[in-house]
Every structure is written in C-alpha cells, then in structure tokens.
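Have the structure open as you read.

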Amino acid sequence: MKLLHTSDWHLGRTLYGKKRYDEFDAFLNWLIQVIEREEMDALIIAGDIFDTTTPSNRAQELYYNFLARVAACGTCRHIVIVAGNHDSPTFLNAPRDLLRAFNVHVVGHGDADTMDEQVLVLRNANATPEMIVCAVPYLRDKDLRTAEAGESIADKERKLVEGIRGHYARVAALAEQKKAELGGNIPVVVTGHLFTAGGHIIDGDGVRDLYIGSLAHVTAGIFSACFDYVALGHLHVPQRVGGSETIRYSGSPIPMGFGEAKQQKSLSHVQFRGSEASVRLIQVPCFQPLERIQGDWEHIKKCLDEIAARKDGAWVEVIYEGAEVLGDLRERLETLTANRGLEILRVKNNRVMEQVLRQQAAEETLEDLGVHEVFARCLDGLDLSEPQRMELLQTHEETLASLRNDDARAE
C-alpha cells in the first residue's frame, strides 16, 4: 500500500485581500499528477480543507472537481477526509453518502456517537481488506468534556487532555478488534487535527489556538503502539513529532503567509510493506512566489530590483526598519515598482510606528494587530496590577474559546 498524506489546504484563503484561487488550482492539478505518477493507493487529507466554515462557491468547485478527477483517474482507490478546526463538520458531511460511492470517506464529527464511523476498513477491488484508517477529525471542546460550574482553567485543561487521550484509546481498541477479526498483517493508520507539545509554528501562519491554555497541547504518548502511521494536520510546518518518522505533520502545501515564504512545502509519501511504514517527502513546487523584504531603504530598493528582474509576478511584503523616518514610504514603493511585474501586498513602516508610539498616537490598523494584541493594548492604557492584568487576559481567552464553541454548535 502507498499512502499520500496532506493537510491544511485552506481553500478560499486570501492574503491581505488578494484571492488565491489560481494558486490553489495549480496545486490541485499538480497533486493529481503526483497521485498518478506515484501510483498512490490512498490519499489522506488531515483537516482544514477549507479556510472558513462557509466556503465560497469557487472554493467548493475546486474541492469537488478535484475529488471527481481523482476518482476518475483509476489509480487512487481511497480518499479519506477529516474535518479540521477551520472546517464545518456539517458542511463536509452533507454529501458523504454520495461520495462514499466513489470511495471517498468523509468524517466531520468526532463525538462518541460516531466512533464506529471513524474506524474505516479500506478494501481493494476484490473486497480484500488492505488498510484500517482511524479517521479522527478535529475534536471539539463539546466532544471531549462536560462543563461544570466552578471549575478552574487547570480543571478544563486536564479534562481536555484526558478527553483527547480517551478518544484515541477507544479508536485504537476498536481498530485492534477489527484487525484481529480480519486477520493478516494489514497496516493501521490514524489521523488527527491537533497541536502536539513542541510543535513548530511560524509567526503569521494563521494557526489558531485550539483550546484554552497550552496544557492541551498533547504529546506523542496519546497515540497507541498499534498505529503504524499517524497523519496529522493543523500545524503548517512539515515536521516529525517526538522524533518519530511515522508520526508527522504534512504541513500546508502552499505558504499561508509571508512568514512561510522561504519554507519548502512537502507531502508525506508513506510506503507500507505489511504493517511496516517508510516515509519520504515529496517537495511541493512554488505556485506563487512570496517575498518578505526587511531593512532600510537602500536594502529594500536593491531587493525590489532583484525581484523585478526575475519577472515571476511575486507578491511582496515590505517592512521598513531604517533609521530615517520615511513618511512617504508607500509613495516611493509605488513609483519604484510601477509596471515591473510584481505586487506589494503589505507595507509596514516600523520607523514611523516607533515614532508615533513614542508620541502616544496610534497609526496602526487592525490589519497589523492580532485579536490578542488589540486586547493587550487596551489593558496597557489602564492602571492595573499584574494579577488583575493576568486575570483579564485569562478571561479574554475563555471568552474567545466560548465564541468558537458557539460557532461550532450553531453549525
């Protein structure tokens, strides 16, 4: 069996207002070529197929066209899709009965009532079992614990970790039972959309905190030894977990932000001989060049000249950090890049910002600040003791998590 592991497509995502449908389309076309060239037997997409719970018509078109083309190519016998925290479980599940006819298995919900649906036996054309997949999606707070009056943040975190651990223990037990019934040395694969302790992220990649507090970052110890490969999603940097070759994040296939501009994206190609897995990475080409330029004016000018000479239609982020205050930075950039085949999507003038902040006047836009930083700036203007500040920050985190859970329940 040959398995291709990918995740975090975020179809429909924009970059500072710039639509990226051509980039997503190019990636999906390339992915089909890889599936055919490598003669992949199965494909796993470990969550965050879409960037929002209400994807645009164009994003849906890309998704369904891809599934139809893979089903028609005759090479890949199975596609397993699980929901991520950006996805709507209800939306993904809606066409699953139809998709199952094409050997596309979709698992949106991760509650206890759907446990049997999360443990799949994949069979070949002769109905011979060839792989067991524990298709575990993003486990939402309401799937893992029952809220109780008066419980502390530590109690909530403990219940979350216990809930995640318990869920994976139950699917492992069910997988082992099925494997014993089927007989033979068939591999067992499990998916997950979660944050493991020590996981590497990049500033500005859009990876959201999944639960309140960092203690809910689980360790590799939650995965049973019966799992021959663990296909993870949520973190955008391709990486191993706990040094294991067979517990991996595939990472996002395209850069989600300028912080990932120089990162080599990849897919995980997993070859099984019996239940023994070996992994190699397939590098994903760059479909839309991104560049981050950071420095003084002369450095920025030099870099823009070099980028323009490539004529590859790069999108650029400029961060000015020179000693000289340039109030006309944007105008200079527009003049320098006019009709040169590149596009500046974001300009951040740190020198002007420092001057303005010293004068107690804010010139930043909300685009420059995250939700946590906005709240922290509000607290900076108040006369608070450190305990009061920490309590308010904690309450703010709880409120955000509650709003995310309300959105999930509304689906």
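Helices here are DSSP runs of H or I with at least four residues, strands are runs of E with at least two, and both are numbered from the N terminus. Keep in mind that this is a predicted model: local features need pLDDT of at least 70, side-chain atom pairs count only at pLDDT 80 or more, and totals for chains, interfaces and linings use all residues. Residues are numbered from 1 along each chain as its sequence is written, and side-chain values use heavy atoms, with hydrogens and water left out.

Now step back into helix 9 itself, residues 329-337. Its buried residues (under 20% relative accessible area, with a 1.4 Å probe and protein chains only) are Leu-329, Leu-333, Leu-336 and Thr-337. Looking down the helix axis, these buried residues fall within an arc of 85 degrees, going by the directions from the axis to the C-beta atoms, so they line one face of helix 9. Helix 8 (297-310), strand 16 (315-320) and strand 17 (343-349) are among what covers them, contact being heavy atoms within 4.5 Å.

Buried residues of helix 1 include Phe-24, Trp-30 and Ile-35.

What about disulfides? Counting cysteine sulfur pairs within 2.5 Å, you get 0. Cys-76 has its closest cysteine sulfur in Cys-73, 6.5 Å away, so that's too far for a bond.

Technical notes:
Buried < 20%, exposed > 50% of the residue type's maximum accessible area, 1.4 Å probe, protein only.
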